[in-house]
There are 8 protein chains.
Amino acid sequence: DDVWPDHGRPERTGEPEVVLATGKTPAQCAEAVAALHGGSSPVLVTRADAEHAAAVRGVVPDADYDEAARLVVVPAGEQRAGTPGTVAVATGGTGDLPVARECAGVLGAFGVEVRMVTDVGVTGVHRTLAAARTLTDTDVVVAVAGMEGTLPTVLAGLVSQPVVAVPTSVGYGASFGGVAALLTMLSSCAPGVSVVNIDNGFGAAMVARRILRTRGGAG
Amino acid sequence: DDVWPDHGRPERTGEPEVVLATGKTPAQCAEAVAALHGGSSPVLVTRADAEHAAAVRGVVPDADYDEAARLVVVPAGEQRAGTPGTVAVATGGTGDLPVARECAGVLGAFGVEVRMVTDVGVTGVHRTLAAARTLTDTDVVVAVAGMEGTLPTVLAGLVSQPVVAVPTSVGYGASFGGVAALLTMLSSCAPGVSVVNIDNGFGAAMVARRILRTRGGAG
Amino acid sequence: DDVWPDHGRPERTGEPEVVLATGKTPAQCAEAVAALHGGSSPVLVTRADAEHAAAVRGVVPDADYDEAARLVVVPAGEQRAGTPGTVAVATGGTGDLPVARECAGVLGAFGVEVRMVTDVGVTGVHRTLAAARTLTDTDVVVAVAGMEGTLPTVLAGLVSQPVVAVPTSVGYGASFGGVAALLTMLSSCAPGVSVVNIDNGFGAAMVARRILRTRGGAG
Amino acid sequence: DDVWPDHGRPERTGEPEVVLATGKTPAQCAEAVAALHGGSSPVLVTRADAEHAAAVRGVVPDADYDEAARLVVVPAGEQRAGTPGTVAVATGGTGDLPVARECAGVLGAFGVEVRMVTDVGVTGVHRTLAAARTLTDTDVVVAVAGMEGTLPTVLAGLVSQPVVAVPTSVGYGASFGGVAALLTMLSSCAPGVSVVNIDNGFGAAMVARRILRTRGGAG
Amino acid sequence: DDVWPDHGRPERTGEPEVVLATGKTPAQCAEAVAALHGGSSPVLVTRADAEHAAAVRGVVPDADYDEAARLVVVPAGEQRAGTPGTVAVATGGTGDLPVARECAGVLGAFGVEVRMVTDVGVTGVHRTLAAARTLTDTDVVVAVAGMEGTLPTVLAGLVSQPVVAVPTSVGYGASFGGVAALLTMLSSCAPGVSVVNIDNGFGAAMVARRILRTRGGAG
Amino acid sequence: DDVWPDHGRPERTGEPEVVLATGKTPAQCAEAVAALHGGSSPVLVTRADAEHAAAVRGVVPDADYDEAARLVVVPAGEQRAGTPGTVAVATGGTGDLPVARECAGVLGAFGVEVRMVTDVGVTGVHRTLAAARTLTDTDVVVAVAGMEGTLPTVLAGLVSQPVVAVPTSVGYGASFGGVAALLTMLSSCAPGVSVVNIDNGFGAAMVARRILRTRGGAG
Amino acid sequence: DDVWPDHGRPERTGEPEVVLATGKTPAQCAEAVAALHGGSSPVLVTRADAEHAAAVRGVVPDADYDEAARLVVVPAGEQRAGTPGTVAVATGGTGDLPVARECAGVLGAFGVEVRMVTDVGVTGVHRTLAAARTLTDTDVVVAVAGMEGTLPTVLAGLVSQPVVAVPTSVGYGASFGGVAALLTMLSSCAPGVSVVNIDNGFGAAMVARRILRTRGGAG
Amino acid sequence: DDVWPDHGRPERTGEPEVVLATGKTPAQCAEAVAALHGGSSPVLVTRADAEHAAAVRGVVPDADYDEAARLVVVPAGEQRAGTPGTVAVATGGTGDLPVARECAGVLGAFGVEVRMVTDVGVTGVHRTLAAARTLTDTDVVVAVAGMEGTLPTVLAGLVSQPVVAVPTSVGYGASFGGVAALLTMLSSCAPGVSVVNIDNGFGAAMVARRILRTRGGAG
Ligand SMILES: Nc1ncnc2c1ncn2[C@@H]1O[C@H](COP(=O)(O)O)[C@@H](O)[C@H]1O
Ligand SMILES: Nc1ncnc2c1ncn2[C@@H]1O[C@H](COP(=O)(O)O)[C@@H](O)[C@H]1O
Ligand SMILES: Nc1ncnc2c1ncn2[C@@H]1O[C@H](COP(=O)(O)O)[C@@H](O)[C@H]1O
Ligand SMILES: Nc1ncnc2c1ncn2[C@@H]1O[C@H](COP(=O)(O)O)[C@@H](O)[C@H]1O
Ligand SMILES: [Mg+2]
Ligand SMILES: [Mg+2]
Ligand SMILES: [Mg+2]
Ligand SMILES: [Mg+2]
Ligand SMILES: [Mg+2]
Ligand SMILES: [Mg+2]
Ligand SMILES: [Mg+2]
Ligand SMILES: [Mg+2]
């Protein structure tokens, strides 16, 4: 009884409550999943380590666990149509992959089509240009980057979609655990960029899904 | 010849280059407007003080100037259809109005319909709840708030649209010129919130417009 | 002889000295407890890990240890009447529980009645509203929240009691270990909110108890 | 129509909405005062400069203005009994007076008795000890201090009342506009101290008044 | 006699001492210029406002003053051959021009050829690419940029010269007076970038000149 | 009656209370001087601008005012013997002079002999070495430096006296108003360096005088 | 050959070089000790863990190791007379002891008499007052304190000696690893306080010893 | 397929892509090395721990691993002439060696001659002066220093080459993990200093090599 999930959220916002494992014991995660499970939404546990995942599987044995993404996905009890549209998830470097996979995993759980475009950082700007050309038929671009975090700025000058920028904590020294990338993205002079928290692949997915739903998608 | 505008931007991204007056002399602003003026896009000068506005009017006499918003708008030479859809711009308090008006002014220049919902900060949470009920038929919510910056979080738990959060520099002491509001918005546990720079009403408008265009709007 | 407790404190302030285990060896904790034990006040050790607790039990075998709260309580040698009044301890999310339990445990050691109201964060604002309605017959509200830390602001706009806000280090990225929540609470535009240190459930309990004692309670 | 005051607040929290002049034009302040004026609560405008005060007096000629405190007070239309109890407002140095006067002025507007104890900073700790002896018959202590901000800590070790600490921006260099004092107060190892924003005399007054009201005062 | 210039510097490092006007009275600047003037090096005063410049001209009437760059140049008494080689000075936006001109002015005083390439920020990345193509016959690239400060990173991935990055204080909000650009440049994952202080066009010029002199230039 | 000076301080610590003008009105400064004046200690007002000085002279016409140092000195009513010993005050650059003069002025008011050694910053390290050789017969070294603040570190490796380091706010960009110099001095690996607040020439003087008095000086 | 000790330091400053173990391998520490050992000064290794100490004992078997202080002391080859005078080392709380012992251990190695006064923090200000009375016959006071770090300020208002303030990293939350205590000490309005780095007991000892030597001690 | 190296970089900039192990699995590192190996450039892996090195050796058995420097070097498939010129790598203390070795190892992989000059920090400024005299026949100076980070400033006042400054995270307390050294280097008033990220020996090497190549070296 440590956990009182927000059961009214799907009705208000069209999204289920999502369990953040950080600061919760495995048992509390399992309790939360048990309370949310079985409805018309998938149940997600973010920032889950192996112990959290094991405890959840004690309650729902077929829960999916992506260790790199630290994401547990419990499919919806009754399957609904996915949200129509495609989200591109682009990363600056290989080290940004776990965050990109958290984002992609959350989108996938809601039936959104994802296109991964990895390792297209602006140091090799021709890769960035090439990547931008492959994005024209997507609806939203999530741009994930650490260190100096320039990828969203350059992409937003090349494409016309909304760009959701995700700074990552990849880097050292004056990167300050993602702060350098965060400030870059907030100070961006390219229009169309908005920003979520450092390493918040989950948040970017939820923003992207809300954008898709403005198009009249079922969600 | 201090200014080399990015003339290819409309074709790539569907948006004109926009002039940031900060750090520019009035003459440089006027030069930039002269170079951009006359095409199929409006020309905008943000962060313009009265001197900047006067210099621009020396070049384009019918330019509009909203002093509170510090925004100059030069209508497009040939008018295009506006971007269909409605953006709600909500503020926490009266002090946030200049930023909200910059946002609304930019959206208006692109033919986007705007609904202003002012002074609905969460301290009087019943106003926030009432405001949320009036937003259901809008497509995007821009939530503008200073001091502790909680408005976007509470709204995002009540509505299903994307919420673009704009921290403002309203406040004192531990508000640190908008930093408290910025961190609040980035750390928000409500899904669907993304953030732009402190006081960046312009940026929020451009994000909102890109979101509307994912719906197939002309824009 | 590393430890010189402040034996005059109960007389001056009506509170015993409390042992902070951080930076002390288990032996130093035990030495301090031995020096303080047996009087008319309970002895408390905060931030105690299992080794500290074991060492204290070597001195006072019936000392209580709440591992989640990291709190050791040694009941008073001669029991006094508790402080009359009720303190509500509300949390934003499950991850804030350890701090809330430290607060509740300290209050309990002084005979104060506590009402726990967990997981009522503002993302599900209807839970917050429901919670506020249950608080009307309490005397002080302690509001514990991490991430963006909005709970105290919203509660203070709904109730008339003093609200003691406790930011927690729950969160990641731009939460900066509790700084985002701390700044939110300090910048709050709701009247009646005062703030203690990050994760300082103990401090909030002592403030709440002093408030109760202004009512003429025995304490 | 830029201003939508929270008229329900007195009923919910027992306090009127208060106008923060920062970021508002004089006209907006006057509009807000006009909307709030005439009820059973005083109307307050904080952070008001001379222009704000003049505009308010255009609406309510007998409004009081304390320039040092930057506070406008419009007495309640129908006078209510004040909140019973006494609040001590102590300052570390002379430079902290404007903040202390804002606090005292707000308390006075609600009919709370105030005792000012100025210039009792801990460098001359015997003054602090002497001051503490004069506080025993007050109910709440507000301790206002800039630079290193130690006054609340020392007082809280000497008295048994709740101590509301107000850091001020008095100081230079590593005081960082009040941050040094703020961190001192938050890190205080004296129990019973809670903290409001830098220079927030108003906030301290509202906390003190809520504490008094837990005693069953009319307020 | 407030000023004791470092007369041995030319012999040790091949550079004259340079006068920083900030914190000096006009008279002190003039005294310093009088002490340094007449040798085989030009005399420079940086960060000079109009009063500083006037005082220097009282001593050396033909001193040059660039108000935008805030730079006074007193030509060398006996002219030496300039340092051979070409330095490109590129800016992200028009607002970065004053810093770029300080850099160019200092280089010009030492007889170094400068190529200005303005307004080539990465939001219009095709301008950046075009600019990079024009830089191939230069020896050093100074890249000046404010806001998010991405220009040096992208250029360093396109050219093979050393890139000296100069963050500027152009921007607002989370730009933090040049800090965002500074962190971007320090965290850059493009090789060959080194960084000088915010707005330090002078420093970049001196680094560029030392690099040219490794080529055996007279300097 | 805003001011309650600490009259017991001379007896406890051998130093008079000193008036900090910042945040005080001219009238409050004059009131404080009037209360302290006429004893066996000089009266000092630091951070005084011309208005403060004029008000003090209204009370004590022969008060001394050094505008650069912003220091008012009122000689002691009955002259005591000065503190024996010599303090060297060394500065890195000309811009550090106002802080050095505040230090020297305070020492002079107590009859301490001062040797000023200006403009010996480590960029011209031979000047620093030469300066160090002239310091051997002094008792304490105060080293004042802005920008990167290296002077105290180098001096402390060359001399055997205590080095009191004073960071100044001279500089720009990443100097952060004296923070860079402050951190340099605190992180110094040269033994014998201790640090006072940014621009705190007064504080350094008081530390130096206390050091001299350990030698048995009358002071 | 990774290590090149500064053998000239004793002659210039009267102090030996001291080895900082942080970032050195045990072998490098031993190499440094071997190079410095055998002269007329003790050899010290600070921040040494057990491995460092063991490696040093491989070279000098009778080296002393205080694990709490993390200090290795190798007595001087030929014993010199100690520095005359007494240094008081006072701590705010028990958690500050390791830093105080590093300070005392270094002083002891140089033959300075030390008086430890522990656990006299200002929350129990009567202990502080009592402690101050016992300090009158010492020459220098080192005041060590974490959390809010007020001890040096209060002591400096009670005694006439130089007070060397050492902030410690004891604390949590807004203590920020010693930053709160550091800022308190730098912003102190008590005269005679100077500050060394966080946890730098070694540095405080070296400052205290230099102060003693101004008295003409042998050293 | 997580990794898409930038194969065009050698042609554009004359440098191969380099693998940053942080945030990559050993398998991803090995995949990247396999993709880059065999051409005319060496392959480098920086920040590699033993597991990364082992995985790389599974692909290229004769790869070199320097554990202190955390650097893997895979020699070029076909050997090219090295870059002519000499780079001096100077360190302030022994703790800075790992960063200096990363720098030297990278330069060596490109056939650049390196001269190591260790432990010449400015506390023993005569060592610094002696070191400066040995640097006259080098072409670039890399100066590596932690704690207060003064070495580059002093060296740049003594030599005429470009000085590439590398702050290290060696230190504690107010060193803030290298921030103190970083700010010192950025604020340096010595001309000719430019700065790379904290602990970025790799970056300094790449800057130094680009500088050498401006001399017409083969590279
Ligand atoms: N990775 C995440 N980052 C940010 N917010 C999250 C994340 N995962 C879940 N949340 C939100 O944070 C809240 C967690 O609160 P609780 O589980 O009650 O502690 C949920 O309501 C989610 O909407
Ligand atoms: N704009 C500038 N930025 C950084 N350093 C400068 C600048 N102008 C001059 N300097 C250096 O700073 C020192 C100024 O010190 P001073 O003039 O003695 O206060 C000179 O030796 C110059 O090398
Ligand atoms: N969890 C806690 N948070 C804040 N202060 C505390 C806590 N526990 C104990 N204290 C106070 O901090 C002081 C501990 O310092 P000491 O035990 O002397 O090192 C005591 O006097 C308590 O009043
Ligand atoms: N605990 C300490 N804190 C600060 N500085 C120290 C400490 N221990 C030694 N030092 C100084 O730092 C320098 C260490 O540099 P190194 O051993 O060459 O890396 C020595 O010259 C000492 O003077
Ligand atoms: Mg890559
Ligand atoms: Mg309002
Ligand atoms: Mg929850
Ligand atoms: Mg005073
Ligand atoms: Mg431009
Ligand atoms: Mg100079
Ligand atoms: Mg204690
Ligand atoms: Mg060394």
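Predicted model: local features only at pLDDT ≥ 70, side-chain atom pairs only at ≥ 80, totals over all residues.
Visitor: Thanks. How many salt bridges does the rule find across the interface of chain A and chain E?

Guide: The rule finds zero salt bridges between chain A and chain E. For polar contact, five residue pairs turn up across that interface, both partners at pLDDT 80 or more.

Visitor: And which helices of chain A touch chain E?

Guide: H5 (125-134), H6 (151-156) and H7 (179-186) of chain A each supply at least two residues. H7(A) gives the largest share, four residues. By class, that side of chain A has 14 nonpolar, nine polar and one charged residues.

Visitor: What area is buried between chain A and chain E?

Guide: About 1,900 Å², with carbon and sulfur atoms giving 73% of it. On the chain A side, Thr123(A), Glu148(A) and Ser187(A) lose the most area, together 28% of what that side buries.

Visitor: Switching topic: where does ligand 3 lie?

Guide: Ligand 3 lies between chains C, D and G. Its shell divides into five nonpolar, four polar and four charged residues.

Visitor: Which N or O atoms lie by its oxygen atoms?

Guide: One is in the side chain of Glu17(C), 2.8 Å from a ligand oxygen. Another is a backbone atom of Cys189(D), at 3.1 Å from a ligand oxygen.

Visitor: What about a nitrogen atom of ligand 3?

Guide: A ligand nitrogen is 2.6 Å from an N or O atom in the side chain of Tyr172(G). The protein covers 92% of the 500 Å² of accessible area that ligand 3 has on its own.

Key. Residues numbered from 1 in each chain as written. Chains lettered and ligands numbered in written order. Heavy atoms only, no water. Buried area = accessible area lost by both parts, 1.4 Å probe. Salt bridge = Lys/Arg side-chain N within 4 Å of Asp/Glu carboxyl O. Polar contact = N/O pair within 3.5 Å; in protein donor to acceptor, adjacent residues only side chain to side chain. Nonpolar A, V, L, I, M, F, W, Y, C, P; charged D, E, K, R; others polar. Near = heavy atom within 4 Å. Areas by Shrake-Rupley, 256 points an atom, 1.4 Å probe, with all protein chains shown as cover.
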